[in-house]
Amino acid sequence: MATASIGGDAVLRAVSAAVPRLRAIGGEVEERRWLTDESIALLEEAGVFRIVTPVRFGGLELPLADRLRILAEVSRGCSSTGWAVTVWVYTTWLATLFPDEVRKEIFARPSVRVSGVAPAPRGSITPVRDGFVLNGSWRFNTGCRGADWNLMSTSLEQPDGSRETVIAAVPMSEFSVADDWHTSAGCGTGSSTSTAEDLFVPAHRVVPGGVMRGLAVPGRARAAAVGRDYGVTPLIAAKMSAAFFGIARGALDLFLAGPGHPGGGAAAPRDDRAGHPLTQIRVASAAHRITAAGALMDRWAPVLQARADAGEQPTPEEAATVHGEAVYAAQLAREAVEILYRESGPSVIHRDVPLQRFFRDIEGFALHPFFRDGFGPEVQGRLLLGLGPDMPRP
């Protein structure tokens, strides 16, 4: 596909066409604990890995609303694939905030895939001539098995003994990856531990951790990001909630498809339970939760896009609202999948029934720090009550 001829709608249509196949190979993805070459090729052909790459580097640089729809659709096909792709897309976007010299290296291939563990610093980085030496291990590095680059948050000790958080951009091939991803949820995300041992990193590939707070970095003017700089925390929340929404939609598809369908669930109109009023009410309740989660998701893109188009960061109130509502949308999606799972009858526990995989995955993803009860809604609640965003707890 020629870059100029592809828009968000075209990518979305291509992903939708790939959903049946992504769903069909979901079991294989889980068994091998990582995406298949076929699933990656399907998404690359659809243009998914170029949706955040800047146009100047041959990418699509789609607006946020398109990105969220596409990530939700990938997740509708396969829950683990959707989560891995969501992390790739978010981390690749983070790479767009790096200095131009680094961006030219990272985006030498427009469909680049970037993994990383950025929010919390791990390991250490030490100054040497012309650069730094990186050491450390980073767990839960989703997508590292298929990434081209790795963005790692680490700690730099200053001459006075104080420590500064920095982000290092390193080719993934320079890390070792442990075969330690043996889990009951998110099995196919390949979120293994990546390790750097005395790894030299050129000075220009290390930027201050303030990039995670929306601050400009040396070598790149903030004006260069106008239209696509959405604020780090609200963007993480918005994109991950899109994955939750897509997983819930996929679970509803599977439930309604019923037994005998190639990707079907364990309950359907052929089952006697479908004629029971309680089943009908519960399925409707699940559908309502999914609709509400999608409606919440649709609220955030215009707010964040308007700020980005104006060259501004979201206000604290806007960022807290997106994060708080994203947590709630994820909760609604999770509840919907739980309802569908419990209405499916005992056959749903069979490993060859896709719905049980969607259920296990969304339960595991809900443990992510961004979606655990507390932080997001708490900050939003404080602001709604006229308190500061960082008030100490009583």
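## Overall make-up and confidence

The protein chain of this predicted model contains eleven helices and eight strands. Of its 394 residues, 56% are buried. When contacts are counted between residues at least 6 apart in sequence, 73% of them join residues that are at least 24 apart.

Confidence across the protein chain has a mean pLDDT of 89, with 89% of the residues reaching 70 or more. Among the elements, helix α4, which spans residues 64-77, has the highest mean pLDDT at 98, whereas helix α11, which spans residues 375-384, has the lowest at 82. Over residues 260-270 the pLDDT is below 50, and in the model this stretch has 34 contacts beyond its near neighbours in sequence.

## Helices α8 and α9

Two packed helices are described by the angle between their axes and the distance between those axes. For helix α8 (residues 277-309) and helix α9 (residues 316-342), the axes come within 8 Å and cross at roughly 160 degrees. Because an angle over 145 degrees counts as roughly antiparallel, α8 and α9 are roughly antiparallel to each other. Their crossing is left-handed, and the contact of α8 with α9 includes 16 nonpolar, two polar and seven charged residues.

The C-alpha atom of Ala295 is separated by 8.8 Å from that of Ala329, a residue 34 positions apart from Ala295 along the chain. With a relative accessibility of 43%, Ala295 counts as partly exposed, since that class lies between the 20% limit for buried residues and the 50% limit for exposed ones.

## Helices α7 and α8

The axes of α7 and α8 come within 10 Å and cross at roughly 150 degrees. That angle makes α7 roughly antiparallel to α8, and α7 passes α8 in a left-handed crossing.

On the α7 side, the residues that meet α8 are Pro234, Ala238, Ser241, Ala242, Phe245, Ala248, Arg249, Leu252 and Phe255. Their counterparts in α8 are Val283, Ala287, Ile290, Ala293, Gly294, Met297, Trp300 and Leu304. By class, the contact of α7 with α8 has 14 nonpolar, two polar and one charged residues.

## Helices α7 and α10

Helix α7 (residues 232-257) also packs with helix α10 (residues 354-365), at an angle of about 160 degrees and with the axes 9 Å apart. In this arrangement α7 is roughly antiparallel to α10, and α7 passes α10 in a left-handed crossing.

From α7, the contact draws on Phe244, Ile247, Gly250, Ala251, Leu254 and Phe255, while α10 contributes Pro354, Leu355, Phe358, Ile362 and Phe365. Sorted by class, the contact of α7 with α10 has ten nonpolar residues, one polar residue and no charged residues. Phe255 of α7 takes part in the contact with α10 and is also listed in the contact with α8.

## Leu151 in strand β4

Leu151 lies in strand β4, which covers residues 149-157. Its relative accessibility is 0%, and Leu151 therefore counts as buried, the limit for that class being under 20%.

If neighbours within four places in sequence are left aside, Leu151 is in contact with Thr91, Leu94, Ala95, Phe98, Val114, Ser115, Gly116, Val117, Ala118, Ile167, Ala168 and Ala169.

## Residues with positive phi

Arg33 has a positive phi of about 65 degrees although it is not a glycine, and Arg33 is found in the loop between α2 (26-32) and α3 (37-46). With a relative accessible area of 23%, Arg33 is partly exposed.

Phe140, likewise a residue other than glycine, has a positive phi near 55 degrees. Phe140 has its place in strand β3, which covers residues 131-141.

Note on methods:
Residues are numbered from 1 along each chain as its sequence is written. This is a predicted model: local features need pLDDT of at least 70, side-chain atom pairs count only at pLDDT 80 or more; totals for chains, interfaces and linings use all residues. Side-chain values use heavy atoms; hydrogens and water are left out. Axes are lines fitted to C-alpha atoms, for helices over the stretch in contact, and angles run from 0 to 180 degrees between N-to-C directions. Helices (H or I, at least four residues) and strands (E, at least two) are DSSP runs, numbered from the N terminus. Angles under 35 degrees count as roughly parallel, over 145 as roughly antiparallel, 65 to 115 as roughly perpendicular and the rest as oblique. A crossing is left-handed if the near helix is turned anticlockwise from the far one by less than a right angle, and right-handed if clockwise. Ala, Val, Leu, Ile, Met, Phe, Trp, Tyr, Cys and Pro count as nonpolar, Asp, Glu, Lys and Arg as charged, and the others, Gly among them, as polar. Contact means heavy atoms within 4.5 Å. pLDDT is the predictor's confidence in each residue, from 0 to 100. Buried means under 20% relative accessible area, exposed over 50%, partly exposed in between (1.4 Å probe, protein chains only).
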